[in-house]
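This report describes selected features of one protein model.

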Amino acid sequence: MTGALQTGLILFSFVVVCGSEPTHAGPDRVGESHGKSRLVHLTSHWAFQLANDSLAFSRADRFCRGQFSSLATLEQTQDQEGVLELLRQAGHRSPIWVRDPSKAASRPVGLSKQYVPFSALNFPTESREGFARVNVSFPTLSSVSVCVRVQWNPEWNEVSTIFSYAAPVFTNEFQLRGQVDVQGRILLALIIHGKHLPYKASFPNDGAWHHICVTWLQSGGHWAIYVDGDQKDMGSGTDSSRNIHGDGIFILGQDQDSFGGNFTEPFFGNITDLNVWNISLETRHVQALNACSPISQEVLFSWNLDDLSSHPMVKEVQVLLFCRAVHQQMALQGCRTLQARSDQLPLFGSSNCSDLLLFICRSRRERYLKMKQMTESQTSQPTAFMKHLMKLSNKTQAVLQPAGPGSLAEASALLEVSARALGAPQREGLQPADMVSIIQLLSLAADVPAQPVPEATNRSRDPVQELSRHFISVADSVISEDSALQWQAIREVVNGPMDVVQSIDRMVTSLSPRLMAETDHLIIHTPNIKVEVQQQRLQDGSRGAFSFCGPDTKLDCISVPQQKIQDLHNNGFLQLTLVNTWYGSLWPLFTPEENITNIPNITMVPTVTDGSQRYLGTVLGSSVISTTLMGDNQPVSTAVLFQLQHRVQNPAGTVYDPVCAFWDFDLTPEAGGWWNTKGCDVVSKQYGSTVCSCNHTTNFALLLQVYEAQRSPENEKALQVLTFIGCGVSLCGLLFTFILFIAVGVPKSDRTTVHKNLIVSLGVAELLLMCSDWASANEAACFAVTALLHLFFMASFSWMLVEGLLLWSKVVSVNISEDRRMKLYYIIGWGLPVLIVGVTLTVTVDEYKAEDHCWLNVHTDTIWAFVGPVVFVLLVNTVVLCRVVMVTVSSARRRAKMLSPSSASKMQTFDLTWAVTRPVLILLPVLGLTWLCGVLVHLSVVVAYVFIALNALQGLYIFLVYAVYNTEVRNAIKRIKEKRKALSFTNCSQPTSFLPSQRAPITSWGRSPPTPSSPETSETSGPPSSTYTSLVIKNGVYCLSESFRKESFVSFSLKPASGNQVVQLTGFKPSGTSQASPDTGVES
């Protein structure tokens, strides 16, 4: 006993004890724990191991998984060649198990939706004459299978005949009958060729529906009875000298003492779904039929009431039967096998999954060699931990079988011994080989079938709960932070700490029905792991949300929303079981090298797109929290909401951006899976934690994307302050400009109208920008501010585009009337922004706003609803500015050619320089070209300062260029001043002695030549015209008559004949005149 015990415990994960290392890519015989040997074939990348123990498919898959390998799939040509070569070397030609990668998992369906209506026949107790005849002609049968669903009347205790088949030459040819025993069970027995077989197969007399199948094969006289998919009785030795006679009569519910009559031993209850085949069905076929899954075998008779004739007392009824496979595409067609062929071509087939066959495990070559090395070291010189483990095991008699623990009792004993050994103080600590052994034990123990175990000695404690607690205790020791170095040493053998997580998930999910047998709430808590199992019966009306939090914190929490629970109930689920697990020490076990950027076939785009930070990589930055939801003991998936605390501290000069992720075991399966973000989104970001939502259940965590901060906190604060101050100054400048345009009476034109709309849109946008920080505290207010910011900034750029189009129309002749042109400008300036914002809100309302501030979400494509139009406007206005510069340069050259040769060169250089500089300075603020600096902000913090300065002071720049130094505005102010001065002339108190006639023409006044106007005022100057005006001279002062109105004014110049200085006066247009000349001169 001791020798076997030591062998089992030393190698309780290394079931294979490797021999000498092969020196070439070929077959190699290696030893096993029980003295046998098996073949290993090495290729350049893989190691194929042929096990010499025949196991069922599920146990074969468990065995390979326990060896950190997988059952061979033969997907690749290299796999096929390696497997076939290994079989050729072994001389093995029988079928072996292989995994079918194309077999999809079944879709869970609510329990109530797995009941399907059937038409059945009711055989009442009121009459003993009820029967039903199958109207089908039966041939001679060398084999036969009959399957039927029956509902036994619990009140009937006598012998009953479910069906009987009588031939003309022999009445008791084939018959199934049942009787109730003293224990209240229904015992079944077959009669074949008149031979009554014993009552042995049984099912409970519970009034429920039961599926019964009987098979018979002439060759060898083999027969079997199946109840609810399980083989309950079998045997051989019946008369195999002849077939079952044909042309017989098949009767339901009665025994035929004569051919087709003289009925006895009636059946009372319900019968449906009778099917007859002329073959002997296999176990997998029966299991498929039990789950209502069709089979490909040709049926001799299929259940159809139209093919039956029944006694008047037998009534047709509608019943509901539990059919698991009707809505679930269950894999009941057997498991995949491979038959080796001499021509080297693989031939696939299928077999009953419970058959015992050999199998081949495939693992990476490097992993196999490393495991071999560790096994040899552990065998020759056991570690201190293993010696202590063997010492404890001698007292508990715990033994591990080669394929892992075969029962819960064995698994519980091994886990208890391991937990005690891990809990004892150890001088050397766990060695890498010890870690591998324990991880393999956990993997094997997690797959132990949840069958009933003998009652424990201590009846106060549930043995299944004891096993679970030992399992979690052992797993806690393995994934503690103290084991980080050992995890580094075994990276070539074990995929990583998520292998332990997967074992815990499998164990708790498998045992949850047993764990929840007597309670609705269970918690298992260790320092690094917390497991909580909750159960809720939906039919009771309590459909509250499931929630779970880690220990001593309210930040590591996960919940299933109440609406999702209601949806599952609506889909037919009657009972939900939620398994939640928290792992607090996994993040230190992931090395810095294990980040997303090191996996070639997995990419994760950095979320920060503004160019302010440089992406460095992605790390696991939180605890791992998992949820497994089972509806009616079937794994189901639903949306969850979870919040996790950030566990990683920011090093100096770096910042983190959280990403919600889950561990996908199907992603790179050879590496044990990897992080995936599909279906997970960030709901909100808070200080030190992040809230996420995912549309499925699994193991979740936060991946923190690390960025090198390009700006120090001081620079960020300075930029924020400068932005706020600059926006305030800019807003004041825009406000003063707008007031000046309105107050001084600037003549109305399309250019001033465009200026006013640009000022309004830009001013409102900057005002909202200054208030956005205050609105961020309220979600609804922040969303509204974001939409308004988007609208008014888009309007600002739209009017900048209009400025460019208007300028283009002045440079290039455009044959469009002013009214039509302004309508087009208004559509572009206001209509286009409203359209863009409206469409964006409709399409991306859930991803419209950023998480932590009131602006568009830069992590999604929403930001392009702003960036795209802005880039287009800047490109168009750049073209316009280039065209304007070309025109002004051309004009400057023409003027230079008119100068004298002596000064032409000097003046030409000055004019060309000014011709380029002047339009650039004037047009930059209204064309928005300063935003081009935004493309370069990621290059240097200096560029960021320049960008903020240029754009935040845009309003002040507009005020200076288009108000203070605008000729049109200055002339308007000047006219106001002159108007006030002229009005003071009307207050002269002394009468005049000279008053020219108002209607007399003033021929001595000469009209002064008009002064060239600037580009800003030329478009508003009216054509010159003559007028008559009265002038009153009082005491040598020229005063205007009071009869002149204020609507307009005229200018007069008095120029002496001798060339003295001209005296210029200003007068008003008299009442009744239609037009006044803007400039009128008088010579003395």
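## Cavities

The second largest cavity holds about 60 Å³ of space. Its lining consists of F138, L141, V144, V146, Y165, F174, I244, F250 and V276. By class, these are nine nonpolar residues, with no polar and no charged ones. Here Ala, Val, Leu, Ile, Met, Phe, Trp, Tyr, Cys and Pro count as nonpolar, Asp, Glu, Lys and Arg as charged, and the others, Gly among them, as polar.

A cavity is a set of points, on a 1 Å grid over the protein atoms alone, where a 1.4 Å probe fits but cannot get out; lining residues have an atom within 4 Å of a point. Points are joined across faces, edges and corners, and the volume is the space filled by probe spheres set on them. By this rule there are six cavities of 30 Å³ or more.

## Basis of the model

The model is predicted: local features need pLDDT of at least 70, side-chain atom pairs count only at pLDDT 80 or more, and totals for chains, interfaces and linings use all residues. Residues are numbered from 1 along each chain as its sequence is written, and side-chain values use heavy atoms, leaving out hydrogens and water.

## Strand pairing

Strand β7 (residues 115-123) runs antiparallel to strand β23 (residues 315-322), and eight bridges join them. Within this pair, F118 stands opposite V319. β7 also pairs with strand β21 (residues 269-277), again antiparallel, over three bridges; there F123 has G269 as its bridge partner. Strands (E, at least two residues) and helices (H or I, at least four) are DSSP runs numbered from the N terminus, and two strands pair if DSSP finds at least two bridges between them.

Strands β19 (residues 255-258) and β20 (residues 261-264) are antiparallel and share three bridges, with S258 facing G261. Two residues lie between the strands of this hairpin, where G260 takes a positive phi near 80°.

## A salt bridge

The structure holds 15 salt bridges, each a side-chain nitrogen of Lys or Arg within 4 Å of a carboxyl oxygen of Asp or Glu. One of them joins R149 and D273, whose closest N and O atoms are 2.8 Å apart. Because R149 lies in strand β9 (residues 143-152) and D273 in β21, the pair ties together parts that are 124 residues apart in sequence.

## A nonpolar surface patch

V721, F724, I725, V729, W774, L956, L960, V964 and Y965 form a nonpolar surface patch with about 840 Å² of accessible area together. The largest share, four residues, comes from α14.

Patch residues have over 30% relative accessible area and no salt bridge, with nonpolar side chains (Val, Leu, Ile, Met, Phe, Trp, Tyr) joined within 5 Å. Areas come from the Shrake-Rupley method with a 1.4 Å probe, and for residues only the protein chains shown count as cover.

Definitions and conventions: On a 1 Å grid over the protein atoms alone, a cavity is a set of points where a 1.4 Å probe fits but cannot get out, and a pocket is an open set with protein on both sides within 12 Å along at least five of seven lines; lining residues have an atom within 4 Å of a point. Patches are made of residues with over 30% relative accessible area and no salt bridge: like charges are joined within 9 Å, nonpolar side chains (Val, Leu, Ile, Met, Phe, Trp, Tyr) within 5 Å.
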